[in-house]
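Colleague: Hi! Could you walk me through this one?

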Amino acid sequence: GTATAVGREAPYAGPGGVQAYFADAARAWESLVVEPTDVRSVGTGVICFGVAIGRLKDETEERRIPVIWVFRLRDEQVIYARAVATAAEARELVAPEAPSAG
């Protein structure tokens, strides 16, 4: 997605990471819409299945990319968010004994 399009290797972390992600997305995408299709409360968080639909600024074809997002929550706030490739990876990240967001 966005990180690959702009050549970013490090994950987006913290409030500054959120700002950097949106800046990178604005730089990379001509249009980008995310459509959640299924949201599940699991263990210590939420797994959201959906699709990202968009067109990169240097391309003519629209992309339709299946996405799985994982959110960990604490005191009703998101403390961790990540896009993953598989449902198994998502379940592992929100299992009660999930590794720390570190």
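**Pocket and strands**

Modeller: Happy to: by class, 29 nonpolar, 6 polar and 3 charged residues line the largest pocket. Ala, Val, Leu, Ile, Met, Phe, Trp, Tyr, Cys and Pro count as nonpolar, Asp, Glu, Lys and Arg as charged, and the others, Gly among them, as polar. The model is predicted, so local features need pLDDT of at least 70 and side-chain atom pairs pLDDT 80 or more, while totals for chains, interfaces and linings use all residues. Numbering starts from 1 along each chain as its sequence is written, and side-chain values use heavy atoms, leaving out hydrogens and water.

Colleague: Which residues lie nearest the centre of the largest pocket?

Modeller: Tyr21, Trp69, Ala81, Arg82 and Ala83 do, out of 38 lining residues. A pocket here is an open set of points on a 1 Å grid over the protein atoms alone, where a 1.4 Å probe fits, with protein on both sides within 12 Å along at least five of seven lines; lining residues have an atom within 4 Å of a point.

Colleague: Switching to strands, what is the bridge partner of Trp69 in β4?

Modeller: Ala83. Strands β3 (residues 63-74) and β4 (residues 77-84) pair antiparallel over 7 bridges. Strands are DSSP runs (E, at least two residues), numbered from the N terminus, and two of them pair if DSSP finds at least two bridges between them.

Colleague: And how many bridges join β2 to β3?

Modeller: 10, again antiparallel, with a hairpin of 6 residues joining β2 to β3.

Colleague: What does Phe49 touch?

Modeller: Beyond neighbours within four places in sequence, its contacts (heavy atoms within 4.5 Å) include Glu35, Val67 and Trp69.

Methods: Helix = DSSP H or I, 4+ residues; strand = E, 2+ residues; numbered from the N terminus.
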